[in-house]
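User: Please take a close look at one part of this model, the sheet, and then go through the salt bridges.

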Amino acid sequence: MSVRIHNITFDCADARRLASFWSAVTGWHVYYDDDPEVVVAPSYPFDGTGLLFIPVPEGKTAKNRVHLDLQPDSGTRDQTVDAAVAVGAEIVADHRRDDGSGWVTLADPEGNEFCIERSARELGTRRPTAFRITT
């Protein structure tokens with residue numbers, strides 16, 4: 001069996017407001033119509049994975065079991081953290097180390113956690129570790 005991830009879905013109180021936040025963080029576009037759902041995606045038609053925001057009546061009550069790890073395409077981790085905070089994110093935990101490594105955990109305006117890690121340029125050349133999953 002093979003699948004592709006079409007959307008990553010966020011339950012939220014205000015879909016357009018939260019989508020606007022994530023649009024500012026990702027640089028992606030906001031798409032909506034008469035439905036209450038809102039999508040944030042890099043382009044239309046959607047060729048990859050989008051972020052789908054669906055309004056629900058209940059609020060967030062616990063830590064996310066799944067979250068996004070964001071890596072800047074341009075700029076640095078610290079610049080991206082500053083930009084996210086400027087559009088409404090809050091820093092939850094700062095895991096940056098004196099040697100420049102680490103990441104920052106933030107929360108969006110509705111409390112959904114996400115992390116910003118170093119850019120590929122900041123990481124430099126790294127050798128991936130290969131592994132095989134057997135069943």
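**Sheet and salt bridges**

An open sheet is built from four strands in the order β1-β4-β3-β2, with mixed pairing. β1 (7-12) and β2 (29-32) are at the edges with a single partner strand each, so one side of each has no neighbour in the sheet. From one strand to the next the twist averages 25°, taken between axes that are lines fitted to C-alpha atoms, with angles from 0 to 180 degrees between N-to-C directions. Strands are DSSP runs (E, at least two residues) and helices likewise (H or I, at least four), numbered from the N terminus; two strands pair if DSSP finds at least two bridges between them. β1 and β4 pair in the parallel sense over six bridges, and N7 has G50 as its bridge partner in β4.

This is a predicted model: local features need pLDDT of at least 70 and side-chain atom pairs pLDDT 80 or more, while totals for chains, interfaces and linings use all residues. Residues are numbered from 1 along each chain as its sequence is written, and side-chain values use heavy atoms, without hydrogens and water.

The whole structure holds four salt bridges (a side-chain nitrogen of Lys or Arg within 4 Å of a carboxyl oxygen of Asp or Glu). R96 forms one with D78, the closest N and O atoms being 2.9 Å apart. This pair links distant parts of the chain, 18 residues apart: R96 lies in the loop between β6 (90-94) and β7 (104-107), D78 in helix α2 (residues 77-86). R96 also bridges to D94, at 2.6 Å between the closest N and O atoms. Shared partners join R77, D78, D94 and R96 into one network.
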